Amino acid sequence: RTVYINGDFVPESEAKISIFDRGFLFADAVYEVMAVLNGRLLENAGHIARLERSCRELKLRLPVTAAALEAIQNKLIAVNQLREGAIYLQLSRGSTGDREFDFPQAEVEPTLLLFTQARPVIDNVKARTGIRVVTVEDIRWHRRDIKTVGLLAPCLAKEYAHSQGADDAFLVEDGFITEGSSSNAWIVTEQGTLVTRQLSTDILHGITRRSLLALAARHGIPFEERPFSVEEVYRAGEAFISSATSFIWPVVEIDGKPIGGGKPGRVTLALRNIYVEMALAATGN
Ligand code: PMP
């Protein structure tokens, strides 16, 4: 694979950063993951806008314009001949040549790196079979709206889920689901209403979440943005997660209890199809 680092396109084995990089020492870095379909970026403007917001919140300098960034992304897709998968982008505050908590006073070059990942997005087995989740306490910090690389809590949550024979975790705070460990969480009530938590600093403002709400509105699918409890998921007709690279994956079991008879739900699959159609149309198919 060819990767991008600070202005250069190099083989991945040649990409190097300082041991003093603040991304490495303090998780002082933000990131984005964009889906690639048919060799084209999906929802890229939304992801870049969120990146710019994360940077603003952390007083991090984005060293390139949005247009330059997109050119870098497209070059990386081309050189790696990526048809379907993702682009990972990370921006850290760079290296001060020592370990100091304070933000550097002098102008320090941030570290910008991007790489590609090939993986099935449209024809993914999880999209067909659905996933099983377990609930786990949400122990993350209180600014989940900022997409930082401090991801130890979701790593622990996924590790725990796998130890329980499940695929992923739903994170719980005060009895209510915040989100999935790397996705937004949704249920469909018995009446067929979509429910997902409202935007706040408690969750990441998912780009896929926002598009799904817009598509639901256009297709007359009722939705509510509000917190929902673990008990409500147990009683839900359907459940699913959303993210850039999964689109929608049905959730067919939670804490060992089947949801909707343990099969992907009707509304869930309909909404996934609507999103897939939009995605294919947007990427030229
Ligand atoms: N919440 C969390 C915690 C995530 O890591 C992700 C994946 N980036 C999402 C939600 C979904 O966001 P998006 O649809 O923008 O990928």
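How far apart do the C-alpha centres of domain 1 and domain 2 lie? They sit 26 Å apart. Keep in mind as you read that this is a predicted model. Here are my notes.

1. Start with the whole chain. You can count eight helices and 16 strands in the protein chain. Along its principal axes, the C-alpha trace spans about 55 × 45 × 35 Å. A compact globule with 285 residues would have a radius of gyration near 19 Å, and the protein chain has 19 Å, so the two agree.

2. Now a look at the packing overall. Of the 285 residues, 39% count as buried. Take the contacts between residues at least 6 apart in sequence: 72% of them join residues at least 24 apart.

3. On to the two domains. The domain assignment gives domain 1 as 2-118 and domain 2 as 127-282. Their contact takes 20 residues from domain 1 and 13 residues from domain 2. On the domain 1 side, the elements giving two or more residues are β3 (29-37), α2 (44-57) and β5 (85-92). Of these, β3 gives the most, with eight residues. What sort of residues make up that side of domain 1? They divide into eleven nonpolar, five polar and four charged.

4. Next, the inside. The largest nonpolar core has 53 residues, and Val36, Val133, Ala239 and Val251 have the most contacts inside it. Strand β15 (residues 247-254) supplies the largest share of this core, six residues.

5. Not counting residues up to four places away in sequence, Val251 touches Gly130, Ile131, Val133, Ala239, Phe240, Ile241 and Ile259.

6. You'll find Leu58 in the loop between α2 and α3 (66-79). Leu58 has 17 C-beta neighbours inside 10 Å, so it counts as partly exposed; being buried would take 20 or more. Leaving aside neighbours within four places in sequence, Leu58 is in contact with Val30 and Ile146. Compare that with Ile77: Leu58 and Ile77 are 19 residues apart in sequence, and their C-alpha atoms are 29 Å apart in space.

Terms used: Residues are numbered from 1 along each chain as its sequence is written. This is a predicted model: local features need pLDDT of at least 70, side-chain atom pairs count only at pLDDT 80 or more; totals for chains, interfaces and linings use all residues. A nonpolar core is a set of buried Ala, Val, Leu, Ile, Met, Phe, Trp, Tyr and Cys residues joined through C-beta atoms within 7 Å. A residue is buried if 20 or more other C-beta atoms lie within 10 Å of its own, exposed if 12 or fewer, and partly exposed in between; C-beta atoms are placed from the backbone. Helices (H or I, at least four residues) and strands (E, at least two) are DSSP runs, numbered from the N terminus. Two residues are in contact if their C-beta atoms, placed from the backbone, lie within 7 Å. Domain bounds come from an automatic or database domain assignment. Ala, Val, Leu, Ile, Met, Phe, Trp, Tyr, Cys and Pro count as nonpolar, Asp, Glu, Lys and Arg as charged, and the others, Gly among them, as polar. The radius of gyration is taken over C-alpha atoms; the globule rule is 2.2 Å times the number of residues to the power 0.38.
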